[in-house]
Amino acid sequence: MVLYRGRVEKDLERWVAAGHVSPEGARAIRRDLAARASGIAMPSVLAILAAVLLSFGAMLFVAAHWQDMSRLARLGILSGGLWAAYGLSGWFFARQMAGFGHAALLLGIGLFGASIMLVAQMYHLDGHPPDAVLLWAGGAFLAAVLLRSNAAYAATIAIGAVWSGMETAMLNGVHWWLPPAVVLVGAALAGTTRWRPGFHLLAMVLSVWVIALGFLHGDRHEFEIVTAIGLMVMAVGLVGGAAIDRVLALSRPAICYGLVVAFSGLYVLQFIDWDYDRLSEPWRAANGMPLWQLALAALALVLGSLWLGEHRDNRPLVWLGYVGFSAEILSLYFRTLGTLIDTSLFFLMAGLLVAGLAALAYFIHKRRSGSAEAVS
């Protein structure tokens, strides 16, 4: 919101100077922006940090004195602390102190997780360890839905990511239950608070899962699948953007996450060697293909994303395109170091390609600017 307001302020100054917006209109726009400001207050930030610290402190204190307590005392401390945190959360919410209410709820979620672990230890309950983390995530999710708490949603996503990581480590393979869990939490988020950072957290977790799919599925280097999934997400965001945004404005970030996944797949195919004997063949990619073919595909992807980001005013996509282009060029340089003739030819070809695209973009921009002036 702060960055958005900064851009609007600069635009307003220019529009007022050009006479497009009156000073009274500019003041009205500023008042509207101030009324809709939704910054995070420092007391709420400190309260949430205190809740996290108190959760860990309670876990360590109880664990340190665990053997000296009777079972009844242990259960009393755990259940009393848990319900006290939830009761305090309700008390804060009832008095319109939402920041402190979310912090107390976060404390309750932390104590709920500690109770699960310590009760399992107390009664020597053996089983599948990730199931305990899943139960913890389920409790956080229930609190998030019932109390419409963004902090609880963040805790749910973080604990769910830990659950999936534990399952993946124990299976040494793909944890297929994560995507349905992400869809479930995303649907609940869309039906309650519509908290945009929550959707970004879900997208990051799902992106990591898709990229890991290439390492874990089949013969452990199936990054063609990863690239295809990323391209498909980008295509859905492009083609179905209007329909998606009518429900939730998520098409632009979806294109960005699709680019990250698709580029990651192409990058691993090029530079993460499975057969170290191929290091002696610098123009042979990790999957055995000619490196220049995959390199051109990666460059086409990032350059196309740069153009798309500029065309649709999607700044994150532009910056991701710059990062991908830089990573690709630097990796090609270090990978092909020592084959100067071949390397120079490739960079000359890539330079000519980019120069041609720059010229094309310039002429398109000039033509559109001329059309806009003619219409006005």
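Trainee: Which exposed residues does the face of H8 turned away from its buried side carry?
Mentor: This is a predicted model: local features need pLDDT of at least 70, side-chain atom pairs count only at pLDDT 80 or more, and totals for chains, interfaces and linings use all residues. Residues are numbered from 1 along each chain as its sequence is written, and side-chain values use heavy atoms, with hydrogens and water left out. Exposed means over 50% relative accessible area, buried under 20%, partly exposed in between (1.4 Å probe, protein chains only). Opposite its buried side, H8 shows Val183, Leu184 and Gly191.

Trainee: Within what arc do the buried residues of H8 fall?
Mentor: The buried set is Leu178, Val182, Val185, Gly186, Ala188 and Leu189. Take the directions from the helix axis to the C-beta atoms. The buried residues line one face of H8, because their arc is within 160 degrees.

Trainee: Which helices are included in what covers the buried residues of H8?
Mentor: Helices here are DSSP runs (H or I, at least four residues; strands are E, at least two), numbered from the N terminus. The cover includes H6 (129–147), H7 (150–171) and H9 (196–216).

Trainee: Is alanine 212 buried or partly exposed?
Mentor: Alanine 212 sits in helix H9. Its relative accessibility is 25%, so alanine 212 counts as partly exposed.

Trainee: Which residues is isoleucine 159 in contact with, leaving aside its neighbours within four places in sequence?
Mentor: Contact means heavy atoms within 4.5 Å. With those neighbours left aside, the partners of isoleucine 159 are Ile109, Val133, Trp136, Ala137 and Ala140.
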